[in-house]
Amino acid sequence: MSAPFSWIRPEPWGIHVVPADCWIDPARPVASALVTHGHADHARGGHGRTIATPATLAIMALRYQTHEGAQPVHYGETIRLPGGVEATFVPAGHVLGSAQILLDHAGERVVVTGDYKRRPDPTCAPFAVTRCDLFVTEATFGLPVFTHPPIAQEIATLLARLAAHPDRCVLVGAYALGKAQRVIAELRAAGHSEPIYLHGALERMCRLYEEWGVALGDLRLVADAPGKDALRGRIVLCPPSALNDRWSRRLPDPITAMASGWMRVRQRARQRNVELPLIISDHADWGELTRTIAEVDPPETWITHGREEALLRWCQLHQRRARALALVGYEDEGD
Ligand SMILES: [Zn+2]
Ligand SMILES: [Zn+2]
């Protein structure tokens, strides 16, 4: 009998499912790819065949203008891959369409989480705890210092700042896939029904979310606003890269905000000249990472994609078999 999990191999550019010759979130083009979600560090173009949820494939088609070799798999559906491997896509609660991938081969069950979070998110299906023999978890915020506050608290802070400055606008930097739509949906849930203005780079992804059934309310483009006065007292969303560029000069004295788990780190907020840091993350924080490992309760855990060492130490302290993987090319898009 071969060693446990010898059929699944972490390589620097992705996880290789050897009997199926299939790769999970490969960082380079391959013949056959299983993709957990649409963020650019996981979903690259150019694969021969891309197996992913229908929403992830729609996101990839929007970003790469190609739909070649796309094979949709719905949540809960199991497909057969070559070499006697079965794959099932399970919700990961990270962004629209995001999935954990459950692999079944030779009597061993492996779950690769991709990115995930445990907080409720009105824009995507919630993370499902799935029993397995090997759990491959992300660790983007794998340090005890990372605790994300409740999102309702951050949204309330944003709305209070807006109300205190009716002559200004609040400009929120948010990643185009996931973060922007979640911030909008949470603003709506908090009762903010005013128009929300968008940088043009966020428009298509917001429309895609709406097509997939996520209501975002009255969205307008900054480019369509008749002038600065129309933007006073409004919330404006833009990609983080636009926060400090010339584009923002058309706004009325913007209060610069940014929605990211990294806003826990003051230095990061200062680097971006962020006046109003909003700690809003689509990744599990330290408490959620450790709770998830405890709930899944796998005989073995592999840790990847972030701060592996602290989580590895936590596993060892709790008598859990664990190992840190060194994958490259994952850059926290949409943190
Ligand atoms: Zn992601
Ligand atoms: Zn990621």
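1. The structure discussed here is a predicted model. Asp121 is placed in the loop between β10 (108-112) and β11 (134-139). When its neighbours within four places in sequence are left aside, Asp121 is in contact with Gly93 and Arg182. A separation of 30 Å lies between the C-alpha atoms of Asp121 and Trp247, two residues that are 126 apart along the chain.

2. As to the overall make-up, the protein contains seven helices and 19 strands. Its radius of gyration is 20 Å, close to the 20 Å given by the globule rule for 335 residues, so the protein is as compact as a globular protein of that length. Taken along the principal axes, the box filled by the C-alpha atoms is roughly 70 × 45 × 30 Å. Of the 335 residues, 45% count as buried. Where contacts join residues at least 6 apart in sequence, 60% of them link residues at least 24 apart.

3. The domain assignment divides the protein into domain 1 (8-145 + 283-324) and domain 2 (151-278). Over C-alpha atoms, the centres of domain 1 and domain 2 are 29 Å apart. To the contact between them, domain 1 contributes 14 residues and domain 2 contributes 14 residues. On the side of domain 1 that touches domain 2 there are eight nonpolar, four polar and two charged residues.

4. An open sheet is formed by six strands in the order β14-β13-β15-β12-β16-β17, and their pairing is parallel. The edges are taken by β14 (219-221) and β17 (276-278); each has a single partner strand, so one side of each is left without a neighbour in the sheet. On average, and with direction ignored, neighbouring strands of this sheet are turned by 30° against each other.

5. Strand β15 deserves a separate point. On one flank, β13 (residues 196-198) pairs with β15 (residues 235-238) in the parallel sense, over three bridges. Within this pair, Tyr197 stands opposite Val236, and Leu198 has Leu237 as its bridge partner. Strand β12 also runs parallel to β15, and four bridges join these two strands. Here Val170 has Ile235 of β15 as its bridge partner.

6. Which residues of β15 are buried on its two faces? Ile235 and Leu237 are buried on one side, and Val236 and Cys238 are buried on the other, which leaves both faces of the strand covered. In general, side chains in a regular strand alternate between the two faces of the sheet.

7. Helix α3 (residues 179-189) lies across β12 (170-173), β13, β15 and β16 (255-259). The helix α3 runs at about 165° to β15. Arg182, one of the contacts of Asp121, falls within the residue range of α3.

Technical notes:
Residues numbered from 1 in each chain as written. Chains lettered and ligands numbered in written order. Predicted model: local features only at pLDDT ≥ 70, side-chain atom pairs only at ≥ 80, totals over all residues. Pairing = 2+ DSSP bridges. Axes fitted to C-alpha atoms, helices over the stretch in contact; angles between N-to-C directions. Contact = placed C-beta atoms within 7 Å. Buried ≥ 20, exposed ≤ 12 C-beta atoms within 10 Å, placed from the backbone. Rg over C-alpha atoms; globule rule 2.2 N^0.38 Å. Domains from an automatic or database assignment. Nonpolar A, V, L, I, M, F, W, Y, C, P; charged D, E, K, R; others polar.
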